[in-house]
Amino acid sequence: MSFFIDENTKLIVQGITGREGTFHTEQMLEYGTKVVAGVTPGKGGGEVLGVPVFNTVMQAMQETEANATVLFVPPKFMYKAAYEAIMSEIPLAITIAEGVPVHDMLKLHYLAKEKGCRLIGPNSFGVISPGKAKAGFMEHRIFMPGNIGIMSRSATNCYETVFFMKQKGIGQSTCIGVGGDMIPGSVFVDMLPFFENDPDTEVIVMIGEIGGSEEELAAVYIKEHITKPVVALIAGKNVPEDTSMGHAGAIVSPDGEGSAEKKEAELRYAGVHIAEGTEDLVEILLRLL
Amino acid sequence: MKLVEYKAYDIFYKYDLPCSEGCVVSSLEELRDLKDTMKYPVVLKAQVQTGGRSKAGGVQFASNGSELLEKGEKLLGMKIKNLPVRIIFITDKVEIKKEMYLSFTLDRKHKKPVMIFSPEGGVDINEIAEKHPDKIAKVLLAPSKTLDDFVIQYAMDKTGLEQDYRTDFKGVCQKLYSVFIGMDCILAEINPLIIDNDDKMIALDGKIDVDDNSLYRHDDVRVFRNEIEENKLILEARHFDFLYIPINNEGNIAVISNGSGMIMSSIDLITKRGMTVTCALDLGGGATADRIKESLRIVASNPLVDTIFINIFGGITRCDEIAKGVEKGVELIGKTKLVIRLEGTNKEKGLEIINSVSGSVKMAAGLKNGVEILSQDLKL
């Protein structure tokens, strides 16, 4: 039983007619995801890869009973598209775009909470429950079904981890890209209860990085509420402070806030296993299983 | 994008915040033309994209024309933290009765904007928090277009700011909040916010940090960002929508990758093996062959770089596009060594293309293997 998406999820692709939207719709269909509708304003009535296209999320939901959406929409138009999805009361919205203004996210973060929409991303690879469905752009061939739940701020570090896991025969229950932005729709702490309650997940992997305090907040929650083993990796130990590393959220303040050392110390205190790198992380998993 | 003082002032003027009059000068000729029109005494402030200016002597006073020339010449010839002073900002010298601190920023932990106020300003906010913990008000705000009156009143009562200043203070708070929202700020700060001898409230120095992701809706800031950038490679990379990050001047390795996470992991592992990365370039997601070719050219044009490590784990980025880019770019990088690791979307197609490329190209089977090859090449 997967908690966000599975083989029964009916997915909308917003931005289906764009280059990336079409390419990844094809990939998602190939994986077995039920993509039931596409939405591109002004292109309603058409079809992409056999999937009907609508002008609005509302109509797409009414005609196809869609219950989730993934947004392949450029950052400039992300706010409008996500706003529409949330106001149409879709229960799950996954946003991919890299470079969304933080003030836009600030508004969406609260709107989603108010409307009861689970907003994932932006700057995220999406969500995948291997063997069941994927909503996002991750290269699905490296994933395989299993009992490890992963949440990651970085797409590439998650791929890297999953790739080594497969070599060792370890699979995943659900992998979630929470994204690398300063104010994401959902953060580690929001995901932890889902993994804790998920019977398919035995070990939780958290792939964090420098900047912000999401790992510290997760540490506090883990100490009090999580019974399953947690393994964490914090990327960016050796990058200069006060330098933007690409992810808007991955920046250490000159006063040391957001440093890898602080995060690792607080996670260790909460009983979390700390990995040095992706390969080391998989070694730890092998010992735990 | 952190704005230097005079650019922050431009925005303050635009939002009608009370500021002292100022002018911008970038040469001695301009100073000479100005010296007889000034109302002395004045303050000359070096405009550099870094902190610690006062300590480095970047703020000078002049009480007459000859002092203006003398101090101006000194400032225009100096470097602060290795940054040459090209512009000085000259304002009236104000008699200060009281120095305060006011800012709006993002509280990432609570995912809300936060207003920070202290009637004890003039120094760094961390210093205020240390010296006067009871004289600082931090108010978390609900995301909104306007600032509520009760927030302002709360900040005043909490810190003991006299009611006499209420009208002026309210105006300044509301206007600075408008800057914060209107300019997509990560930080909008006035420090010091002063009260002069005539009891007027004036923003004497300002800091504005505009969210880089919002620059498409702030053309003036985007243009300015390019104007002041000293590093040509950052500019060139920006032109192709890449992020070029200088890491360490002692290093010789450039890392190119398709995501921030992978860049950080690569640097972590390379550093752990005792090697040093000098720069990194983030392709972002979905780069095409033509752009990848340019990324190679850009990092190779850094004279410190003798080895390029391309580490790709393709999701939205396709390995065949990377390979085509390498094929096109390999002749642009001279003798620079190339270590490539390809994994993910369209990997097989990518490997096929790379295998046909001649030159000093080594394939790595993974990140760890890639770092291994790098260290062998460097004979560690």
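I start with contact, which I take as heavy atoms within 4.5 Å. This is a predicted model, so I keep in mind that local features need pLDDT of at least 70 and side-chain atom pairs count only at pLDDT 80 or more, while totals for chains, interfaces and linings use all residues. Residues are numbered from 1 along each chain as its sequence is written, chains are lettered from A and ligands numbered from 1 in the order in which they are written, and side-chain values use heavy atoms, with hydrogens and water left out.

**Entry 1: V221(B)**

I looked up what V221(B) touches: M1(B), L3(B), M183(B), V210(B) and L215(B), not counting residues up to four places away in sequence. V221(B) sits in helix α7 (residues 219-228) of chain B. Helices here are DSSP runs of H or I with at least four residues, strands are runs of E with at least two, and both are numbered from the N terminus. Buried or exposed? V221(B) has 4% relative accessibility, so I note it as buried. The cut-offs are under 20% relative accessible area for buried, over 50% for exposed and partly exposed in between (1.4 Å probe, protein chains only). I also checked V221(B) against G286(B): 65 residues apart in sequence, and 27 Å apart in space, C-alpha to C-alpha.

**Entry 2: H103(A)**

H103(A) belongs to helix α4 (residues 102-115) of chain A. With 6% relative accessibility, H103(A) counts as buried too. What does H103(A) touch? I found F180(B), I181(B), D184(B) and C185(B), leaving out residues up to four places away in sequence.

**Entry 3: four-strand sheet, chain B**

I traced an open, antiparallel sheet of four strands in chain B, in the order β2-β7-β3-β4. Two strands pair if DSSP finds at least two bridges between them. β2 (22-25) and β4 (59-62) of chain B are the edge strands, each pairing on one side only. On average, neighbouring strands of this sheet are turned by 25° against each other, direction ignored. β3 (residues 42-46) of chain B pairs with β4(B) over four bridges, in the antiparallel sense. I picked out one bridge there: V43(B) has F61(B) as its partner in β4(B).

**Entry 4: six-strand sheet, chain B**

The other sheet I followed is open and mixed, with six strands of chain B in the order β14-β16-β15-β17-β18-β19. Why do β14 (243-246) and β19 (361-364) of chain B each have one side without a neighbour in the sheet? They stand at the edges, so each has a single partner strand. β14(B) pairs with β16 (residues 277-282) of chain B in the antiparallel sense, over four bridges. P246(B) has C279(B) as its bridge partner in β16(B).

**Entry 5: α10(B) and α11(B)**

How do the axes of helix α10 (residues 289-300) and helix α11 (residues 319-329) of chain B cross? I noted roughly 50°, with the axes coming within 7 Å. Axes are lines fitted to C-alpha atoms, for helices over the stretch in contact, and angles run from 0 to 180 degrees between N-to-C directions. α10(B) and α11(B) are therefore oblique to each other. Angles under 35 degrees count as roughly parallel, over 145 as roughly antiparallel, 65 to 115 as roughly perpendicular and the rest as oblique. Among the residues making the contact are I292(B) and L296(B) of α10(B), and I322(B) and V326(B) of α11(B).
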